[in-house]
Amino acid sequence: MTEADEGARQDGFRRSVRMDIAFWAERCRSQPGPGFFVRQLLLRPGFHFVFWHRFARLLRRVPLIGKPLARILIFMLEIAFSSEIAISATIGGGFYVPHPFGIVIGTNCRIGRNVTMLQNVTLGNRSMTEPETPVIEDSAYIGAGAALIGGITIGQGASVGANAVVLRDVPADQVAVGNPARLLTDASSKNGPEIGQ
């Protein structure tokens with residue numbers, strides 16, 4: 001387990017929401033605070049989506065009725081946003097999802113802190129016989145339509161371009177683009193070397 005992953009697991013509901021508010025305020029060039037929180041919760045679908053997913057995970061801890069109520073809330077979020085986050089996924093604080101539509105985050109995916117994810121992103125396993133799922137480390141950026149498949153790691157500060165299909169690790173602070181994804185910094189030829197070669 002990476003340090004980022006361990007940190008994300010320990011954030012808890014209140015700390016995660018505070019980190020969400022701070023990161024969203026930074027992205028919106030605004031000041032965090034109660035007024036900013038209320039505006040985002042009422043007016044920003046992405047903030048609404050992340051907050052209620054966090055609340056559903058908190059709700060699961062309530063004896064007897066918590067798990068059914070959490071499942072109902074998650075189902076309503078899936079219907080409203082056509083997006084799905086597995087209840088077993090771990091998401092650190094500061095999760096910035098400005099357009100929360102068409103996103104699928106599969107079972108046991110791990111997302112670090114201050115991660116930006118755009119619409120139509122898929123994080124999942126390769127097959128039933130290869131159940132490993134991606135780890136997204138702190139401060140990573142995942143572009144619209146990207147598919148990250150298998151037990152790969154997107155390193156701290158790395159970026160994945162729009163519509164990239166990533167099947168191998170992306171090192172920290174690197175940029176991956178294309179299908180199959182290639183490191184932009186290593187693209188010395190027209191196609192560049194494939195990630196992991």
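In what order do the strands of the open sheet of 5 strands stand? The order is E1-E3-E6-E9-E12, and the pairing is parallel. Two strands count as paired if DSSP finds at least two bridges between them.

Before I go on, a word on the model. This is a predicted model, so to speak of local features we need pLDDT of at least 70, side-chain atom pairs count only at pLDDT 80 or more, and totals for chains, interfaces and linings use all residues. Residues are numbered from 1 along each chain as its sequence is written, and side-chain values use heavy atoms, with hydrogens and water left out.

Now the overview. The protein chain has 5 helices and 14 strands. Helices (H or I, at least four residues) and strands (E, at least two) are DSSP runs, numbered from the N terminus. The chain has 197 residues, and 45% of them count as buried. Buried means under 20% relative accessible area, exposed means over 50%, and partly exposed is in between, with a 1.4 Å probe and protein chains only. A contact means heavy atoms within 4.5 Å. Among contacts in the chain with a separation of 6 or more, 33% are between residues 24 or more positions apart.

Val 104 has Thr 122 as its bridge partner in E6.

There is also an open sheet of 4 strands, in the order E2-E4-E7-E10, with parallel pairing. Its edge strands are strand E2 (90-91) and strand E10 (153-154), each pairing on one side only. Strand E7 (residues 135-136) and E10 run parallel and are joined by 2 bridges. The partner of Val 135 in E10 is Thr 153.

Next, helix H5. It covers residues 66-81, and its 16 residues at 1.5 Å a residue should span 22 Å; the end C-alpha atoms are 22 Å apart, which agrees. The expected span is 1.5 Å times one less than the number of residues.

Which residues of H5 are buried? They are Gly 66, Ala 70, Leu 73, Ile 74, Leu 77, Glu 78 and Phe 81. Seen down the axis of H5, the buried residues fall within an arc of 140°, so they line one face of the helix. The arc is that of the directions from the helix axis to the C-beta atoms. On the face turned away from the buried side, H5 carries the exposed residues Met 76 and Ile 79. The cover over the buried residues of H5 includes helix H4 (45-59) and strand E1 (84-85). Just after H5, Ser 82 takes a positive phi of about 50°.

Now the cores. A nonpolar core is a set of buried Ala, Val, Leu, Ile, Met, Phe, Trp, Tyr and Cys residues joined through side-chain atoms within 4.5 Å. The largest has 37 residues, and Ile 105, Met 117, Leu 148 and Ile 154 touch the most other members. H4 and H5 each supply at least two residues of this core, and H5 gives the most, with 5 residues. A second, separate core has 11 residues, including Phe 13, Phe 36, Phe 47 and Phe 51. As a general point, nonpolar side chains in soluble globular proteins tend to be buried together.

Gln 40 sits in helix H3 (residues 34-43). Gln 40 counts as buried because its relative accessible area is 5%. Beyond neighbours within four places in sequence, Gln 40 is in contact with Trp 24, Cys 28, Phe 47 and His 48.

Last, the charged pairs. How many salt bridges are there? The count is 2, where a salt bridge is a side-chain nitrogen of Lys or Arg within 4 Å of a carboxyl oxygen of Asp or Glu. One joins Arg 54 and Asp 20, at 2.6 Å from N to O. This pair links distant parts of the chain: Arg 54 is in helix H4 and Asp 20 in helix H2 (residues 12-28), 34 residues apart. Both Arg 54 and Asp 20 are buried.

Arg 71 forms a salt bridge with Glu 78, with the closest N and O atoms 3.3 Å apart. Arg 71 counts as partly exposed because its relative accessibility is 44%, whereas Glu 78, at 18%, counts as buried.
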